[in-house]
Amino acid sequence: MYRSHVLVCGGTGCTSSGSQQIQDALKSEIAKAGLENEIAVVQTGCHGLCALGPIMIVYPEGTFYSMVKPEYIPEIVSEHLVKGRVVKKYVYDETVSGDEIKPITETDFYKKQYRVALRNCGVINPENIEEYIATDGYAALGKVLTEMTPEQVIDVVLASGLRGRGGAGFPTGRKWQMARNLVQDGGPKYVCCNADEGDPGAFMDRSVLEGDPHAVLEAMAIAGYAIGANQGFIYVRAEYPIAVERLQIAIKQAHEYGLLGKNIFGSGFDFDIDLRLGAGAFVCGEETALMTSIEGNRGEPRPRPPFPAVKGLFDRPTILNNVETYANVAQIILKGADWFAGMGTEKSKGTKVFALGGKIKNTGLVEVPMGTTLREIVEEIGGGVPNGKKFKAAQTGGPSGGCIPPEHLDVPIDYDNLLAIGSMMGSGGLIVMDEDNCMVDIAKFFLEFTVDESCGKCTPCRIGTKRLYEMLDKITKGKATLADLDKMEELCYYIKANALCGLGQTAPNPVLSTLRYFRDEYIAHVVDKKCPAGVCKSLLSFTIDQDKCKGCSMCARQCAANAIERTDYIAPGNKLASFAIDSAKCVKCGACMSTCKFKAISKQ
Amino acid sequence: MSSKICSVPFKGTKEQEAQLKAIIDSLRDQRGCLMPIMQKAQGIYGYLPIEVQTFIADELNIPLEKVYGVATFYSQFSLYPKGEYKISVCLGTACYVKGSGDVYEKLMEKLGIAGGECTADGKFSLDACRCIGACGLAPVMTINDDVYGKLTVDKLDEILAKYN
């Protein structure tokens, strides 16, 4: 028995900010104090508050230390772990009120969250199967194999209202039903897991895989039993080395415990799971492309029908679900369809995990019931936009989604509402933008991404996105006309209607949604040749306020283009003559502005 | 991907070839084995020069076009050698809205190479990547296994100096 457990986050965010060194320091300090048998150091998955990493929590008290540095450790060990005195100066300041330390669950960030898919992340050691079993792990698989028929399993998933968390929101139970019923020839079927989280700025799936890998394995086995498959594949990004390693460990442990392999729970049901590493192609998030890639080919999508439920991987019936979808399954089996359907809105049940990023105070991972408003997520949980800047838009759905303006902040988030306001749920990336972000530039950024990632198989996507990108580029350079805006919109609708797969069909969304809500910004670029946010370099001009300039010459020495020269003008009260920028020579790098100590240089 | 022709001569050893052969033999019966083999081959050689692609194609008895097609489709596979220090700047959305685009441009200027290229002395190569998942630290770049977060253009000189 340990009297205290110290949980150190080992997710990618905290590992990047040095949580491994924290663990090492803790272990050596604890050994020095002779407390190895009293205090356990546990490496967990992601706690969600990545902006405050590395994170360390001391139980049973639940004290939340944030932004921990190795040099804090000796003090924390000698004061807190030896003498029982919390070292307040290193504790997350929001949990400190006067002399009291609040539990982490009562902070703004965690208060409104409800964790289903993330329930074990940051709680258990993901590299130890016994910790998963201790939190009801594999109980759902046991129940399914010993008490339920495959049809009953599918009925429960259907009744729960669970929809695919990868983006499109197709009912999971219906997918399973089709794969079970449409082909019944006794041949092999496959269960696949899409862990190729390619949406830039989204990291929900990675956190589940890093923090609770067994939840995915268990759900895949349940799915296998339901549709009659004995083989599963997890297609995971090679860029997620920690997730890959933890999955490998989890699969090995599940084998050792007889929870994967032959004759699971003595039921006669066999199931095995293989890992396949993706190689960095966004289109492989599309289901048919993912299967083509597992087969060892260029990951190009194929036309549907035939749907994967009839002809998928190796031409056999296959289901593909996203990591987060699987992470809900075991809970649904154990707690019942009604429990799950009791959360959320009419057509979107349960919870959704969002990766909150961009211009927001509490960057990190949040899980909220469907129907929570964007305002609650951004302002309450996320802590709002930092540095006193104004909120401009929230981007959801990544390169397939759109930008949501402030007037729609109170819309309850679910699949259908987001579609109605021109965005989409997507996998759950939620990027906040402030007044310093140019919406035309953001649309261009996403189009650059899709041009790069288009597989090239169909013309509307391969050529259409390229032309769209060129039009946006023209706008940001101040060379477009109003007629170009109409042409661009027309092209958007053409691509949406004609592209082969989801990537192309949704690629114009970032353009359409910004045109819809931020048309004035486009007009400013086209008509006034100005970028209101001051981002598009070609439209900027830098000027020196001659009365504020002290003539120190710092800017002129910084200027690589020799565009800054001294004038004859001496401002009142100054000894030296002021400088001026020759706009013909200026390359708009902004170096002068950041060196000026007197804030005499401005950009417009 | 850079369009420059690779001028670095292939320097594969017999040991590397034997290692690759063993991997191919252990995987060849598995359906869809081509990508796992290529991933391991890149792990051995650091990149996938045409000599290695030819070897894989011959061993698996499939056309070289197929191997080349897969190698050029996925951004993880590189036909060119990488630098001793691989710099990767995250251009995911969260990093981009916080200014990683400026960081990437500044690095090109400082190193005198375009994205996807390697400096003449073989020391640094520069690539853009899509989200390494450390969005809480945006903007982020990695140099080999070291992660640098909350970057600004001003911090670059100090960081690069560590590797010079």
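## Strands, sides and domains

Student: Which residue stands opposite G232(A) in β10(A)?

Tutor: In this predicted model, G232(A) stands opposite I273(A) in β10(A).

Student: What makes β8 and β10 of chain A a pair?

Tutor: Strands pair if DSSP finds at least two bridges between them. Seven bridges join β8 (residues 231-237) of chain A to β10 (residues 269-278) of chain A, so the two count as a pair. They run parallel.

Student: And how do you know that β9 of chain A pairs with β10(A)?

Tutor: Try the cut-off again: it asks for at least two bridges. Two bridges join β9 (residues 261-264) of chain A to β10(A), so this is a pair as well. These strands run antiparallel, and the bridge partner of G261(A) in β10(A) is F271(A).

Student: What lies between the strands in the hairpin of β9(A) and β10(A)?

Tutor: Four residues do, and in that hairpin F265(A) takes a positive phi near 55 degrees.

Student: How many residues does each chain give to the contact between A and B?

Tutor: Chain A gives 39 residues and chain B gives 30 residues. On the side of chain A that touches chain B, α1 (12-16), β12 (351-358) and β16 (429-434) each supply at least two residues. That side divides into 15 nonpolar, 19 polar and five charged residues.

Student: Why are residues 14-73 of chain B called domain 1?

Tutor: Because the bounds come from an automatic or database domain assignment, and for chain B it gives domain 1 (14-73) and domain 2 (85-161). The C-alpha centres of these two domains of chain B lie 30 Å apart.

Methods
Residues numbered from 1 in each chain as written. Chains lettered and ligands numbered in written order. Predicted model: local features only at pLDDT ≥ 70, side-chain atom pairs only at ≥ 80, totals over all residues. Contact = placed C-beta atoms within 7 Å. Nonpolar A, V, L, I, M, F, W, Y, C, P; charged D, E, K, R; others polar.
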